[in-house]
Amino acid sequence: MPKLPINYQKTTIYKIVSKNPELNFSHCDYTTDFVKRKNYIKTCCSKGKDEQLFNFINANGGFSAFEMLMICEFPTTNKELVKTHIYSLVNPSIAIAWKM
């Protein structure tokens, strides 16, 4: 079955931050399914998937020590416009391009 094209009209920009105020960390990205992305990140952390973001989260208390916050909805048809908007909103300390 062919993959459906991504509907960027459902784009949500989110931010992952530490619950520990002493840890200066933020990761911002976008998704078209916030709940699915949150579950994906949580699963990858619990399974120890070896990627920079997951390693950082696991080394600093695990997924439960972080919050994933919805910053805004950003309906668009242009993926590059989303990336530009993210960096105009916040300054993430780790920026990773996601494929999901």
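**View 1. The open sheet has three strands in the order β2-β1-β3.** In this predicted model, the pairing within the sheet is antiparallel. β2 (26-31) and β3 are the edge strands, and each pairs on one side only. From one strand to the next, the twist averages 25°. Strands of a sheet pair through backbone hydrogen bonds, in either a parallel or an antiparallel sense.

**View 2. β1 and β2 form an antiparallel pair.** Six bridges join these two strands. Tyr14 is found opposite Asp29, a residue of β2.

**View 3. Helix α1 lies across β1, β2 and β3.** The helix runs at about 155° to β3.

**View 4. The largest nonpolar core has 14 residues.** Ile16 and Ile41 touch the most other members of this core. At least two residues come from each of β1 (12-18), α1 (34-47), α2 (52-59) and β3 (66-73). α1 provides the largest share, with four residues.

View 5. The mean pLDDT of the chain is 85, with 87% of residues at 70 or more. Over residues 94-100, pLDDT stays under 50. For this stretch the model has 25 contacts beyond four places in sequence.

Key
Residues numbered from 1 in each chain as written. Predicted model: local features only at pLDDT ≥ 70, side-chain atom pairs only at ≥ 80, totals over all residues. Heavy atoms only, no water. Core = buried A, V, L, I, M, F, W, Y, C linked by side-chain atoms within 4.5 Å. Buried < 20%, exposed > 50% of the residue type's maximum accessible area, 1.4 Å probe, protein only. pLDDT = per-residue confidence, 0-100. Contact = heavy atoms within 4.5 Å. Pairing = 2+ DSSP bridges. Axes fitted to C-alpha atoms, helices over the stretch in contact; angles between N-to-C directions.
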